Amino acid sequence: MKIETRDFGPVDVAEEQIISFPNGLYAFDEAKHFALIAPKENQYPMWLQCTDSLRPCFIVFDPELFCEDYKVELNGSERSILNIKDSSTVRVLCIANVPEDFRETTVNMKSPIVINEDEKTAMQVILSENYPYRQPIYKKPDTGQEA
């Protein structure tokens with residue numbers, strides 16, 4: 001299917017690649033279907049584009065790029081909504097905030113998007129762990145020095 005994107009114009013997306021968010025996203029409850037778009041295959045950043053309209057569209061990253069020991073523990077309700085089984089393939093992404101000066105880009109490590117890739121279902125969760133809402137991606141977190 002062809003979808004209109006915010007940043008790339010019309011893009012072809014296989015229908016089986018559409019990700020459903022049964023509960024929408026925080027502040028975007030009405031947006032239920034998205035596609036992951038990568039200008040280069042399997043490289044970040046990626047765009048999480050709503051398939052029904054130009055907005056919302058989010059730039060997303062794999063959190064392990066910034067935090068090697070990043071862990072997402074889902075409760076029973078979250079696992080049920082996502083239909084996660086022991087053998088399910090789960091992917092975690094963090095939404096980026098990209099200001100005019102891209103070197104000030106941050107990612108929300110506290111509220112990641114969790115995707116059951118087998119079922120193509122997803123949801124945004126709020127973690128109880130002490131992760132930052134705004135983790136700089138171009139600075140070392142402990143020193144504030146340029147990477």
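1. In what follows, Ala, Val, Leu, Ile, Met, Phe, Trp, Tyr, Cys and Pro count as nonpolar, Asp, Glu, Lys and Arg as charged, and the others, Gly among them, as polar. On that scheme, the lining of the largest pocket has 8 nonpolar, 2 polar and 4 charged residues. The model discussed here is a predicted one.

2. This pocket has a volume of about 260 Å³, and of the 14 residues that line the pocket, Gln17, Leu36, Ile37, Met46 and Arg91 lie nearest its centre. Strand β4, residues 33–37, gives the most to the lining, with 3 residues.

3. Arg91, named above among the residues nearest the centre of the largest pocket, also forms a salt bridge with glutamate 117, with the closest N and O atoms 3.3 Å apart. This pair links distant parts of the chain, since arginine 91 is in strand β7 (residues 90–97) and glutamate 117 in the loop between β9 (113–116) and β10, 26 residues apart. Glutamate 117 has a relative accessibility of 26% and therefore counts as partly exposed.

4. β1 pairs with strand β2 (residues 9–12) in the antiparallel sense over 4 bridges, and a hairpin of 3 residues joins the two strands. Within this pairing, glycine 9 in β2 is the bridge partner of threonine 5.

5. The two strands are also linked through side chains, for lysine 2 and aspartate 12 meet in a salt bridge at 3.2 Å, N to O, with lysine 2 in strand β1 and aspartate 12 in strand β2, 10 residues apart. Both lysine 2 and aspartate 12 are exposed. A further salt bridge joins aspartate 7 to arginine 6, with the closest N and O atoms 2.9 Å apart; aspartate 7 is partly exposed at a relative accessible area of 39%, and arginine 6 is partly exposed at 32%. The whole structure holds 4 salt bridges.

6. The aromatic pairs come to 7. In one of them, the rings of tyrosine 70 and tyrosine 131 have their centres 4.6 Å apart and their planes at 50°, so the pair is tilted. Tyrosine 70 is in the loop between β6 (57–61) and α1 (76–81), and tyrosine 131 in the loop between β10 (121–124) and β11 (135–136), 61 residues apart. Tyrosine 70 counts as buried at 5% relative accessibility, and tyrosine 131 counts as buried at 16%. Elsewhere, ring pairs link Phe21, Phe28, Phe34 and Phe58 into a cluster.

Notes
Residues are numbered from 1 along each chain as its sequence is written. This is a predicted model: local features need pLDDT of at least 70, side-chain atom pairs count only at pLDDT 80 or more; totals for chains, interfaces and linings use all residues. Side-chain values use heavy atoms; hydrogens and water are left out. On a 1 Å grid over the protein atoms alone, a cavity is a set of points where a 1.4 Å probe fits but cannot get out, and a pocket is an open set with protein on both sides within 12 Å along at least five of seven lines; lining residues have an atom within 4 Å of a point. Grid points are joined across faces, edges and corners, and a volume is the space filled by probe spheres set on the points. Two strands pair if DSSP finds at least two bridges between them. Rings of Phe, Tyr and Trp (its six-membered ring) pair if their centres lie within 6.5 Å; planes under 30 degrees apart count as stacked, over 60 as edge-to-face and the rest as tilted. Buried means under 20% relative accessible area, exposed over 50%, partly exposed in between (1.4 Å probe, protein chains only).
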